[in-house]
Amino acid sequence: MSEENILVVEDEKDIQELVRYNLSREGYRVTCADSGEEALKTVKSLLPDLVVLDLMLPCMDGLEVCRRMKKEPDMAHIPIIMLTAKGDESDIVAGLEIGADDYVTKPFNLKVFVTRVRAVLRRSNNEAPREEEILRFPELVIHPGRHEVLVNDKPVSLTYTEFGILKYLASRPGWVFTRNQIVEAVRGDGYSVTERSVDFQVVGLRKKLAGAAGRIETVRGVGYRFKESLNE
Ligand code: CA
C-alpha cells in the first residue's frame with residue numbers, strides 16, 4: 001500500500017467525496033480542502049505528494065492557488081493535477097504554463113483519473129534525463145549529443161527545429177506541453193520557431209518518424225504529449 005499524501009481541493013461536496021473515496025481505496029492518504037485559502041494553508045502544513053486542484057472555486061480560484069504554490073520554494077515542487085470543465089482550454093493552457101502538471105476534464109472517468117494520479121506521482125519521482133542523455137524507447141532512439149534519431153534502427157533526418165521539439169517532448173513522456181512551452185524550450189537552444197509554426201513542425205516530424213509517429217499525441221486546444229507507450 002502506498003503512503004503517499006494527496007490533497008483534494010474541491011468545493012463541490014459530491015465530487016470531493018467521490019475523489020476522496022476512490023483515492024483512499026487505492027491506498028493513498030487523502031486530505032480535502034473546500035476553498036483556495038484552505039488549500040494553501042493545508043499545502044503549507046502537510047506538504048502533500050500531490051494536489052488535485054479544481055479550478056472553479058469560490059473566492060480564490062484554482063489558477064491563483066497554483067500560481068501561489070509555484071512561487072513558494074517549499075511548495076513549488078509539489079505536482080498539481082487540475083480538474084477543469086470540458087472546453088476550458090484557455091484555463092488548461094494557463095494552468096500548464098503556470099506549472100500544473102496535468103489535468104482531467106469533468107465529468108471524468110474515475111479509472112482514467114486514478115491512472116493520471118498514479119502517472120503524475122511516478123513521473124514526479126523520476127528525475128528528468130540529463131541534457132545529453134540518450135532517450136531510448138522500443139522503436140525510437142534519440143541521441144542528443146549526436147543529434148541523431150533512429151526509428152526501428154534506421155536513421156531519420158530531422159531539421160534542427162524538429163529535433164528540438166522531439167527531444168523536448170520525449171524527455172518527459174506522458175507530460176502535456178503547451179505550444180508556448182515548446183517554443184520557449186526550443187528557442188533556448190537557438191532554434192527559430194513560433195507558436196503557430198509548432199503545428200507545422202509536428203506534421204513534418206510525424207511524417208519522418210513513420211513507425212514512431214504515434215508517439216506524438218495532439219492534445220486538442222492545449223498542445224502536445226509524447227505518449228509513454230505506442231499502444232496507449
Ligand atoms: Ca468547484
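This is a predicted model: local features need pLDDT of at least 70, side-chain atom pairs count only at pLDDT 80 or more; totals for chains, interfaces and linings use all residues.
Student: Let's begin with the metal. Which residues coordinate the calcium ion?

Tutor: Donors are N, O and S atoms within 2.8 Å of the metal (3.2 Å for Na, K and Ca), and sites may look incomplete because water is not among the atoms. Here the calcium ion has Glu10 (OE), Asp11 (OD), Glu12 (OE), Asp54 (OD) and Met56 (O) around it, at 2.1 to 2.8 Å. Written as a sequence pattern, the donor residues read E-D-E-x41-D-x1-M. Asp11 sits in the loop between strand S1 (5-9) and helix H1 (13-25), and Met56 in the loop between strand S3 (50-54) and helix H3 (62-71), so this pair ties together parts that are 45 residues apart in sequence.

Student: Is Asp54 buried or exposed?

Tutor: The cut-offs are: buried is under 20% relative accessible area, exposed is over 50%, and partly exposed is in between (1.4 Å probe, protein chains only). Asp54 has a relative accessible area of 1%, so it is buried.

Student: What does Asp54 touch?

Tutor: Asp54 lies in strand S3. Touching means contact, that is, heavy atoms within 4.5 Å. Not counting residues up to four places away in sequence, Asp54 touches Val9, Glu10, Asp11, Glu12, Gly62, Leu83 and Lys106. With Lys106 there's also a polar contact between side chains, at 3.1 Å. A polar contact is a pair of N or O atoms within 3.5 Å; within protein, one must be able to donate a hydrogen and the other to accept it, and residues adjacent in sequence count only if both atoms are side-chain atoms. Lys106 has one more feature: a cis peptide bond joins it to Pro107, with omega about -5 degrees. Pro107 lies in the loop between S5 and H5.

Student: Then on to H5. How many residues has helix H5?

Tutor: H5 runs over residues 110-125 and has 16 residues. The expected span of a helix is 1.5 Å times one less than its number of residues. At the start of H5, a side-chain oxygen of Asn109 comes within 2.8 Å of the backbone nitrogen of Lys111. The buried residues of H5 are Phe113, Val114, Val117, Ala119, Val120, Leu121 and Arg123, and they pack against S1, H1, S3, strand S4 (80-85) and strand S5 (102-106).

Student: How many residues has the largest nonpolar core?

Tutor: In soluble globular proteins, nonpolar side chains tend to be buried together. A nonpolar core is a set of buried Ala, Val, Leu, Ile, Met, Phe, Trp, Tyr and Cys residues joined through side-chain atoms within 4.5 Å. The largest one here has 28 residues, and those with the most contacts inside it are Leu140, Ile142, Val149, Leu166, Leu169, Leu209 and Ile216. Its largest share, five residues, comes from H6. Leaving aside neighbours within four places in sequence, Leu169 is in contact with Phe177, Ile182, Ile216, Tyr224 and Phe226. Another core, of 27 residues, lies apart from it, and Met60, Met82, Val93 and Leu96 are among its members.

Student: Now strands. Which strand pairs with S12 over four bridges?

Tutor: Two strands pair if DSSP finds at least two bridges between them. Strand S11 (residues 216-219) pairs with S12 in the antiparallel sense over four bridges, and Thr218 stands opposite Tyr224. The two strands form a hairpin with three residues between them, where Gly221 has a positive phi of about 75 degrees. Strand S10 (residues 176-178) also runs antiparallel to S12, through three bridges, with Val176 partnered by Arg225.

Student: Where does Ala210 lie?

Tutor: Ala210 is in the loop between H8 and S11. Its phi is near 45 degrees, a positive value in a residue other than glycine. Ala210 is exposed, with a relative accessible area of 54%.

Technical notes
Residues are numbered from 1 along each chain as its sequence is written. Side-chain values use heavy atoms; hydrogens and water are left out.
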